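Reader: I am meeting this structure for the opening time and would be grateful for a guided discussion. May I put some questions to you?

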Amino acid sequence: MKYRLLSVVLFVIGCITGVISCNNAKGDGSNSLPSTISYNFHIRPILSDKCFKCHGPDANKRKAS
């Protein structure tokens, strides 16, 4: 009984470790920062997607000030 529980625990730990290592080894560069940041390329799309809907320049559609 102890060995079966131990093997299940080790299996779960191995699976979790595998998933974490696969997610960290994507190689898509998502963890690296660019050497220079461009407002139009990096920041403006975030503001456009997340902020301008409620805080944008159109006073009629603005939900917050």
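Reader: How many disulfides does a search of the whole structure find?

Author: The model is a predicted one. A disulfide requires a pair of cysteine sulfur atoms within 2.5 Å. The closest cysteine sulfur to that of Cys51 belongs to Cys54 and lies 8.8 Å away, so the two are too far apart for a bond. Across the whole structure, the number of disulfides found is zero.

Reader: Where is Cys51 placed?

Author: Helix 2 covers residues 39–50, and helix 3 covers residues 52–55. Cys51 falls between these two elements, and its place is therefore, by the assignment of helices as DSSP runs, in the loop between helix 2 and helix 3.

Reader: Which residues does Cys51 touch, not counting residues up to four places away in sequence?

Author: A contact here means heavy atoms within 4.5 Å. With residues up to four places away in sequence left out, the contacts of Cys51 are Ile46 and Gly56.

Reader: Is Gly56 buried or exposed?

Author: Gly56 has its place in the segment after helix 3. Its contacts, not counting residues up to four places away in sequence, are Cys51 and Arg62. The relative accessibility of Gly56 is 7%, which is under the 20% limit, and therefore Gly56 counts as buried.

Reader: What share of the residues in the protein chain is buried?

Author: The protein chain holds 65 residues. Its accessible surface comes to about 6,300 Å², and 63% of that surface belongs to carbon and sulfur atoms. Of the residues in the chain, the buried ones make up 2%.

Reader: Is Ile37 buried or exposed?

Author: Ile37 is found in the loop between helix 1 and helix 2. Not counting residues up to four places away in sequence, Ile37 touches His42 and Ile43. Its relative accessible area is 63%, and because exposed means over 50%, Ile37 is exposed.

Reader: What is the area of the nonpolar surface patch that includes Leu6?

Author: Leu6 lies in helix 1, which spans residues 2–24. Patches are made of residues with over 30% relative accessible area, and Leu6, at 47% relative accessibility, is partly exposed. Together with Tyr3, Leu5, Val9, Leu10 and Ile13, Leu6 makes a nonpolar surface patch of about 650 Å².

Reader: In what order do the elements of the protein chain run from the N terminus on?

Author: The protein chain has three helices and zero strands. From the N terminus on, the elements therefore run, as helices numbered in that direction, α-α-α.

Conventions: Residues are numbered from 1 along each chain as its sequence is written. This is a predicted model: local features need pLDDT of at least 70, side-chain atom pairs count only at pLDDT 80 or more; totals for chains, interfaces and linings use all residues. Side-chain values use heavy atoms; hydrogens and water are left out. Helices (H or I, at least four residues) and strands (E, at least two) are DSSP runs, numbered from the N terminus. Buried means under 20% relative accessible area, exposed over 50%, partly exposed in between (1.4 Å probe, protein chains only). Accessible areas come from the Shrake-Rupley method with a 1.4 Å probe; for residues, only the protein chains shown count as cover. Patches are made of residues with over 30% relative accessible area and no salt bridge: like charges are joined within 9 Å, nonpolar side chains (Val, Leu, Ile, Met, Phe, Trp, Tyr) within 5 Å. A salt bridge is a side-chain nitrogen of Lys or Arg within 4 Å of a carboxyl oxygen of Asp or Glu.
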